[in-house]
Amino acid sequence: MERRRGAELEAVLLDAAWAELTESGYAQLTMESVAARAQTGKQVLYRRWRNRAELVIAALRHHTGSIVGNVPDTGSLRGDVLGVLRQMADRFTQLGPDTIHGLMAEAPDLDPEVYSRMTGVMATIVKRAAERGEIATADVPVAVLTAPTNLMRHEIFFSHSPVSSSTMMALVDDVFLPLVRGTSAGGVRRP
């Protein structure tokens, strides 16, 4: 068998990790089981990912894409933010609560990365809304910018069940839009 390298090897590893995750679940997934499925040694995995949480995140992004790479552009601020929340809900449904909770427990440093990436997504959405004239400015506090995704994460982690469309709409309509419109009109004070 010819030795696999580079992108080809990484794709095989990520496919093996995804197959293990979907067949065995996060709790049963091990670096050894992924390596066996990929017909390689576990040291090959550890050269790329420090632990199974990082491997699973990479496999998720490989198979479903990244929200960062797929920022909704519906033509409205409300539609774009709902699109992001739906993507988050779809990920939760696809992965399930056990995987989500396992990832958060094993990769506490993942949360700041996710927070940073989602801040960028929301900044893009708010900037587009300001350019369309929906809001006065894209210069809103980070706490306002990240409110919908942070609240959505809260719903996902503590409800242990899929988040309803009505809950997502309430997060956008009753919390985020009033905040961002109040901020862009000068209504929210900054420290």
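Predicted model: local features only at pLDDT ≥ 70, side-chain atom pairs only at ≥ 80, totals over all residues.

The axes of helix α1 (residues 6-24) and helix α4 (residues 52-64) come within 9 Å and cross at roughly 100°. Axes here are lines fitted to C-alpha atoms, for helices over the stretch in contact, with angles from 0 to 180 degrees between N-to-C directions; helices are DSSP runs of H or I, at least four residues, numbered from the N terminus. α1 is therefore roughly perpendicular to α4, a term covering 65 to 115 degrees.

Residues are numbered from 1 along each chain as its sequence is written, and side-chain values use heavy atoms, leaving out hydrogens and water.

The axes of α4 and α5 come within 10 Å and cross at roughly 155°. α4 is therefore roughly antiparallel to α5, that is, over 145 degrees. In this pair, R52, A53, V56, I57, L60 and T64 of α4 meet R91, Q94, L95, T99, L103 and E106 of α5.

Finally, the largest nonpolar core has 57 residues. Such a core is a set of buried Ala, Val, Leu, Ile, Met, Phe, Trp, Tyr and Cys residues joined through side-chain atoms within 4.5 Å, buried meaning under 20% relative accessible area with a 1.4 Å probe, protein chains only. Helix α5 (residues 77-106) gives its largest share, eleven residues.

Technical notes: Helix = DSSP H or I, 4+ residues; strand = E, 2+ residues; numbered from the N terminus. Parallel < 35°, antiparallel > 145°, perpendicular 65-115°, else oblique. Buried < 20%, exposed > 50% of the residue type's maximum accessible area, 1.4 Å probe, protein only. Contact = heavy atoms within 4.5 Å.
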